[in-house]
Amino acid sequence: MVTCAMTFGGGHRLTSASGSFEASCVCYSRPRGPVAAAVAPARVDSDTEARFRRGEREAFLSVYETHAPAVRRLVGRFFGSPFEREEAVQEIWLHVHRIAATFDPTRGDLAPWLRVVAANRCKELLRALGRRPDPRIELADVHAEEPAGAGPENAARTARAREALTRFEAQLSREDAIVFRLSLVEERSHDEAARAAGISARRCKYLRMKLLVRAAADPALRAALAEVTEP
Amino acid sequence: MSLLLRERDIERAVLGELTPADEARLFEHLHGCAPCQARYDELTKVKSFVDGAAVVHARARARLVAAVDRLPAGRGAQERQDRSRRSRWLPALFVLAPAAAIVVWLAKPAAPPNKTVDEVTMRGGADPTPTSATPTLIIYASRKTGPARHGPVRLVAELPGSGEARVSLSDYLQLGVRGLRAAAHVRVAGLDDHGSVHDYLPDTVALPAARTSALGRSVELARDHAPGTVKVVALFSDAPVSDGAVMDALAGRGSAGVVTGALVIEP
């Protein structure tokens, strides 16, 4: 008897599961689909996993460093708003920290466990906000094989946004362009960007903020970014 | 705070220049302010696109580290130990509690009906009171929607009236009591499908009040529950409620002063 409630819908045949234990093994060890792919095959060693289960801070942070990008990509499928995404990611990792002791390595790897915890938490957060998870998430899970944002359509959208960004940078004065590139894009220090632009660090800090606002107000860049699904 | 200052805060947050305390305050504001949230999203989208989300990721990590550092050390391990400790003693409790109850019953002199440990004496001692005046255990539930935010609070059960409460594993429960006529000791516990006993409310003195009084701290179901049914008992007494009385109530004995119901926890 298979009693496994599939966390993500779709086309995966459970062949040999009897009882809830095996069913749940099958459920979070399922290897395929973009949601599976969204969690990278990165692994932490078994010692770190054991310390993670015991609630050790450093082990938890090590797990976070390893799996955060994948969890972030997964959360991006549920929440379009960057703010909501950030809040959901925080909530998920705090939840993972709380329930770390419930992870059982004999039932599957850490990555699929994190995937299920993250997806379920996202659904709960959406329900709590009075919204329903996008049904396309399940459809994509069946048909696509690559992480969100890696398809040819999104690659084309990203390329358009890059072009818009290049055009925006071309409009800037030399001073603004240097600050934009070094401070906003490459995240170099104010001093470094200021030295390169021949201005004070204070002015660099001011320009950095102004350029961000100006970029957000640029109609072509706005339109191009609106099409990009994943930052 | 003026709109201009708020706008400045949003810009600084997106650039990763706000202090953690200011950032926490801003995020709290963003939860309830759609225009500010839209502005934050707009700027974050641009910044994340140009820097590969470096600032967003660094900020998220810093927030998480700060949040984890605020938690008690080794919390996960502690929960695990607590659970295994409960499990270890559970079989013994089931053997010892009935034996203890029998011994108490045999040794006890004939006591007036209202003076046993688990009777409802808060109604006013031996005063006869109508059965409708039975105190009611109120269970509220709320779901967490963010690190420091909860969804709307729902009234999920009034025991014994509603019999059972349907809640989700991600809910937080808050207990309350109504209908007390005098100060009383209250204790609430649960027994789940797996045989684990949950002490939801340690012995607490509740005072009579016109409105429902909240009791104890909220219960985070995700911490040590699993989907399934939990038998819930609330014991009301004029004396501190002992562990034996709780075990008797969970085993279905000693119904005086005990309010019984069930929590159906859904995944």
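Modeller: G179(B) counts as partly exposed because it has 19 C-beta neighbours inside 10 Å; a residue is buried with 20 or more other C-beta atoms within 10 Å of its own, exposed with 12 or fewer and partly exposed in between, the C-beta atoms being placed from the backbone. This is a predicted model, in which local features need pLDDT of at least 70 and side-chain atom pairs count only at pLDDT 80 or more, whereas totals for chains, interfaces and linings use all residues. Residues are numbered from 1 along each chain as its sequence is written, while chains are lettered from A and ligands numbered from 1 in the order in which they are written.

G179(B) sits in the loop that links β5 (171–178) to β6 (184–192) of chain B. Helices (H or I, at least four residues) and strands (E, at least two) are DSSP runs numbered from the N terminus. In sequence G179(B) and P208(B) are separated by 29 residues, yet in space they are 7.2 Å apart, C-alpha to C-alpha.

Another glycine of chain B, G228(B), belongs to strand β9 (residues 228–237). With 14 C-beta neighbours inside 10 Å, G228(B) also counts as partly exposed. Leaving aside residues up to four places away in sequence, G228(B) touches D192(B), D193(B) and I265(B); two residues are in contact if their C-beta atoms, placed from the backbone, lie within 7 Å. V264(B) is 36 residues from G228(B) in sequence and 5.9 Å from it in space, C-alpha to C-alpha.

Chain B as a whole contains 7 helices and 10 strands. Of its 267 residues, 36% count as buried. Among the contacts in chain B with a separation of 6 or more, 70% are between residues 24 or more positions apart.

Chain A, by contrast, has 12 helices and 0 strands. Buried residues account for 39% of its 231 residues. For contacts in chain A between residues at least 6 apart in sequence, 64% join residues at least 24 apart.

The two chains meet where 41 residues of chain A are in contact with 42 residues of chain B. On the side of chain A that touches chain B, the elements giving two or more residues are α4 (57–78), α5 (82–98), α6, α8 (152–171), α9 (174–185) and α11 (201–217) of chain A. The largest share of that side, 11 residues, comes from α5(A). By class, the side of chain A that touches chain B has 27 nonpolar, 4 polar and 10 charged residues, where Ala, Val, Leu, Ile, Met, Phe, Trp, Tyr, Cys and Pro count as nonpolar, Asp, Glu, Lys and Arg as charged, and the others, Gly among them, as polar.

Across this boundary, the axes of α11(A) and helix α3 (residues 34–51) of chain B come within 9 Å and cross at roughly 100°; axes are lines fitted to C-alpha atoms, for helices over the stretch in contact, and angles run from 0 to 180 degrees between N-to-C directions. α11(A) and α3(B) are therefore roughly perpendicular to each other, since 65 to 115 degrees counts as roughly perpendicular, under 35 as roughly parallel, over 145 as roughly antiparallel and the rest as oblique. Their contact involves L212(A), A215(A) and A216(A) of α11(A) together with E42(B), L43(B), V46(B) and K47(B) of α3(B). By class, this contact of α11(A) with α3(B) has 5 nonpolar, no polar and 2 charged residues.

Within chain A, helix α6 (residues 110–128) deserves attention. Of its 19 residues, 15 are buried, and α6(A) is thus mostly covered. Just after α6(A), G130(A) takes a positive phi of about 80°.

α5(A) and α6(A) pack at an angle of about 125°, their axes 10 Å apart, and are therefore oblique to each other. The contact is made by A88(A), E91(A), I92(A), H95(A) and V96(A) of α5(A) and by L114(A), V117(A), A118(A), R121(A), C122(A) and L125(A) of α6(A). These residues of the contact of α5(A) with α6(A) divide into 8 nonpolar, 1 polar and 2 charged.

α4(A) also packs on α6(A), at an angle of about 40° with the axes 10 Å apart. α4(A) and α6(A) are therefore oblique to each other.

Definitions and conventions
The expected span of a helix is 1.5 Å times one less than its number of residues.
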